[in-house]
Each structure stands twice: as structure tokens, then as C-alpha cells.
Number of protein chains: 2
Amino acid sequence: MATADEIRQVALAQFAQNGYEATSMREIAGGVGIKAASLYNHFGSKEAILWDLTCTALTSLTQARDEALAELPAEASARERLSVFIRTHVRFHAENSHQAMLVNSQMTALSASHFQQAVELRDTYQSEMQIILRAGKRSGEFSYLDLDLTSYAILQMGIAVSMWYRPEGRLRVGQVCDVYAELAERLVCARDPGFD
Amino acid sequence: MATADEIRQVALAQFAQNGYEATSMREIAGGVGIKAASLYNHFGSKEAILWDLTCTALTSLTQARDEALAELPAEASARERLSVFIRTHVRFHAENSHQAMLVNSQMTALSASHFQQAVELRDTYQSEMQIILRAGKRSGEFSYLDLDLTSYAILQMGIAVSMWYRPEGRLRVGQVCDVYAELAERLVCARDPGFD
DNA sequence: GTCTATATATCGATAGAC
DNA sequence: GTCTATCGATATATAGAC
């Protein structure tokens with residue numbers, strides 16, 4: 001593997017587990033097997049590493065969701081779209097917990113400019129959930145009290161999976177996705193679109 | 001206010017907003033209006049401040065929940081108990097967002113011994129949710145696929161309120177509690193206990 | 001591209017005067 | 001209980017040899 005990628009891998013694990021501020025360039029270098037000064041041949045600063053990792057995490061998450069939704073037929077119901085979204089969302093947070101924890105708790109360590117860009121990427125990702133919820137209410141499939149709060153609740157349930165899921169645990173990742181798809185449908189009182 | 005309490009107030013805000021590692025003793029002292037060395041007349045170390053704040057936050061949260069549940073009659077239904085729990089939970093996270101964010105993202109900065117004690121306090125708090133969910137399933141009020149995941153989901157929805165709720169926002173805290181009580185009931189398919 | 005050596009700054013914490 | 005002064009460690013980052 002290229003050295004830059006080894007640095008990404010080690011830094012991601014350490015930032016996610018111990019926090020950005022609590023991780024030193026020496027510790028990252030030690031994990032790679034080089035000296036701290038050599039890191040600067042690959043990244044201009046410590047913050048540049050964090051920004052690289054944050055960008056990759058947010059775009060990977062969005063791309064995974066977009067690819068999954070693109071496989072649905074154009075006439076797919078809101079219920080189907082919600083199911084695909086939440087399953088991809090939960091699977092990503094289970095299988096990429098370090099990337100998820102980085103985005104969830106280390107973004108404040110970014111520079112002001114990078115932080116703003118990261119917030120925009122995250123908001124773009126989350127806005128698709130509200131589009132689906134609105135469409136489902138319009139079609140009569142969904143019923144909910146508040147769009148913002150319901151969308152936050154659905155997304156947050158899945159984000160938390162990154163904090164407890166372990167591959168060797170009681171449930172396979174597919175089972176976890178099944179449960180959360182059911183929970184999300186309950187939050188919007190999902191009904192079959194042909195119910196009327 | 002006693003100086004120790006002023007230190008608690010300033011440190012809580014700075015730890016929650018910028019993170020424990022990113023906050024220096026000089027910055028805390030500056031917020032109080034004293035010099036960094038004077039902090040050590042009130043707390044033995046920086047970690048002692050974090051531990052003090054974490055303990056207070058976790059016991060306050062548990063106490064608020066216990067007091068609210070204690071006001072219910074002994075024969076209260078699981079549905080009523082869930083409603084009181086989630087409303088107290090959400091209200092605390094909305095009105096004490098700094099304490100909530102401290103517990104949610106700075107606990108890893110504690111010493112190993114203190115971290116373990118904090119995890120136990122948090123688990124004790126969360127276990128009551130599972131007791132209510134089990135009772136509701138037994139009585140036929142609730143229906144859910146997985147106890148652990150459903151309880152995580154309910155608690156996590158409310159925890160996230162601390163990250164976005166603003167007193168000057170669109171909804172009063174009471175309205176937010178109403179919406180989340182409804183969302184929690186949906187997650188367990190809550191029905192009136194006298195339905196059969 | 002990695003190394004040693006180092007610059008410069010800041011960290012948590014202590015000593016001792018007042 | 002607050003202050004000034006400072007210790008020793010460690011931080012990010014750079015310079016220059018190889």
C-alpha cells in the first residue's frame with residue numbers, strides 16, 4: 001500500500017478511537033512505522049489528514065446511498081426508497097464505524113473553512129431523507145407529526161449503530177439492517193402505497 | 001457563586017463546545033477571571049474537573065428520570081412509564097445540552113478507572129428503559145423485534161436533541177417532548193393496555 | 001522519501017511570595 | 001486563595017543530510 005494510504009488508515013483508527021486532539025503526529029507515525037517528520041512528505045499538516053479523512057468518509061457515505069437508490073426503478077414507492085436509504089445508512093455505519101465516528105465527533109477539530117464544507121456535505125446527505133419523507137406523506141404512504149424531528153430521529157438511530165456494532169456480536173449486519181428498516185417504517189407509520 | 005462552581009460552569013461549556021483535549025487550564029481560568037495556577041486550589045487536576053462534571057451530569061439525568069417516574073401511580077401502564085421516561089430524557093437533553101454533550105463525547109478523556117465508573121452509571125440509567133420495554137411486551141402493550149436495538153434507538157433519538165435544540169428555535173421544549181413521546185410509542189407499537 | 005536535529009510554542013502542574 | 005515564575009514534557013512543524 002502507498003505510504004499515504006497507510007497514514008490514512010492509521011490516522012483514521014486513532015482519530016476515531018482516541019480523538020483528534022489526543023492523537024499526536026508521533027503516534028500516527030509510530031503506527032505506520034516511520035518518524036513524525038516523514039508524515040509531512042505526504043500531508044501538509046495534521047489538520048490536512050483529518051480533512052482528507054472527513055471528505056472521504058462523507059463522500060463515501062453519500063455515494064453508497066446514491067448508488068443503492070439508483071438501482072430502484074423510477075416508480076419505486078417512498079416506502080421502498082426509505083427502506084433502501086436506511087439499510088444503506090445502517091450498513092455503512094456498522095461496517096465503517098471509524099469513518100462514522102470521525103464524522104460524528106471529530107468534525108469540530110477542522111479549520112473553520114473545512115468545517116463549513118463538511119457541514120454542507122452532511123446536510124446534503126441528510127436532505128435526501130426529508131425528500132423521501134415528504135414524498136411519502138404526499139402519496140399517503142407516510143404519516144408523521146414533524147418532518148425535521150422525524151428525519152433526525154431516523155438518521156440518528158442509524159448513526160448510533162457505529163458506536164455499538166461488532167462483527168462478532170449477536171446479530172449479523174444484515175439482521176441489524178432489517179430491524180432498523182422496520183423501526184424506520186414504524187416512525188413514519190409506513191403503509192402499502194396501494195392501500196386506498 | 002463559589003469559585004469552584006464558577007470553574008465548573010466555565011469548564012463544562014468549554015469542554016462541551018471545544019472538547020476536553022482542546023481546552024487548556026489557562027482557557028478555563030481565563031473564563032473564570034483567575035490564573036491557571038489558582039485552579040489547583042479547587043481541583044487537583046484537569047481530569048478531576050472532567051470527572052466532577054461527568055458524575056454530576058449522569059446523576060442529575062438519572063435523578064430527574066427517577067423523580068418523574070416516582071410520581072406515577074404504582075399501577076401505571078408500561079405505555080405511561082415509557083412516555084414519562086422519554087419526556088424527561090428529551091427535556092434533560094434539550095435544557096442541559098452541555099452536560100449531555102459532555103457525557104456523549106468526552107467520556108473517553110477520563111482516566112480508565114473513572115471511565116469505567118461512568119459507563120456503569122450510564123448503563124444503569126439505560127437499563128430502566130429495557131425494564132419498561134420488557135414489561136410492555138409482557139402486558140401486550142408493546143410489540144417490537146429486538147429489545148436491545150429498540151431501546152438503543154429510543155434513547156439515541158433523545159440524546160441527539162442535545163445537538164440541535166435551541167430555545168429560540170421553531171419548537172418549545174414541551175412540543176419537542178410531545179413529538180418524541182409519539183415517536184417512541186410508534187417504535188414499540190404502543191397500544192392501550194385495555195385493548196383486549 | 002526517510003532520517004536526525006531542532007525551532008518555537010504550549011501544555012499540565014508545582015513552588016513559594018503575598 | 002490568588003498571584004508570578006518556572007519546571008519538564010510534549011506538541012506541530014521545519015531544515016537539511018543522506
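Across the interface of chain B and chain A, four salt bridges are found (a salt bridge is a side-chain nitrogen of Lys or Arg within 4 Å of a carboxyl oxygen of Asp or Glu). One of them joins the side chains of Asp146(A) and Arg170(B), at 2.8 Å from N to O. Please keep in mind that this is a predicted model, in which local features need pLDDT of at least 70 and side-chain atom pairs count only at pLDDT 80 or more, while totals for chains, interfaces and linings use all residues. Residues are numbered from 1 along each chain as its sequence is written, chains are lettered from A and ligands numbered from 1 in the order in which they are written, and side-chain values use heavy atoms, with hydrogens and water left out.

### Where the chains meet

Let us stay with the protein for a moment. Chain B and chain A each bring 27 residues to the contact, where contact means heavy atoms within 4.5 Å. Together the two chains bury about 2400 Å², and 68% of this lies on carbon and sulfur atoms. (Buried area is the accessible area, taken with a 1.4 Å probe, that two parts lose on being put together, summed over both.) On the chain B side, Leu149(B), Gln156(B) and Arg186(B) lose the most area to chain A, together 26% of what that side buries.

Eight residue pairs, both at pLDDT 80 or more, are in polar contact between chain B and chain A. A polar contact is a pair of N or O atoms within 3.5 Å; within protein, one must be able to donate a hydrogen and the other to accept it, and residues adjacent in sequence count only if both atoms are side-chain atoms. In chain B, α7 (147–159), α8 (161–164) and α9 (173–187) each supply at least two residues of the side that touches chain A; helices here are DSSP runs (H or I) of at least four residues, numbered from the N terminus. That side of chain B has 18 nonpolar, three polar and six charged residues. In this grouping Ala, Val, Leu, Ile, Met, Phe, Trp, Tyr, Cys and Pro are nonpolar, Asp, Glu, Lys and Arg are charged, and the others, Gly among them, are polar.

### How the copies are related

A rotation of 180° with 0.0 Å of shift along its axis superposes chain B on chain A, with an RMSD of 0.0 Å. The two copies are thus related as by a two-fold rotation axis. The superposition is by least squares on the C-alpha atoms of residues with pLDDT of at least 70 in both. Since 100% of the interface residues of chain B are also interface residues in chain A, the copies meet through the same surface.

### Meeting the DNA

DNA strand C has 15 residues around it, and Lys35(A), Asn41(A), His42(A), Met25(B) and Lys46(B) come nearest. DNA strand D is surrounded by 16 residues, the closest being Arg26(A), Lys46(A), Lys35(B), Asn41(B) and His42(B).

Here are some distances to phosphate oxygens.

| Protein atom | DNA strand | Distance to phosphate oxygen |
|---|---|---|
| Ser38(A), polar side-chain atom | C | 3.0 Å |
| Met25(B), polar backbone atom | C | 2.9 Å |
| Met25(A), backbone N or O atom | D | 2.9 Å |
| Lys46(A), polar backbone atom | D | 2.8 Å |
| Lys35(B), backbone N or O atom | D | 2.6 Å |

A base takes part as well: a side-chain N or O atom of Arg26(B) is 3.2 Å from a base nitrogen of DNA strand C.

Technical notes:
Near = heavy atom within 4 Å.
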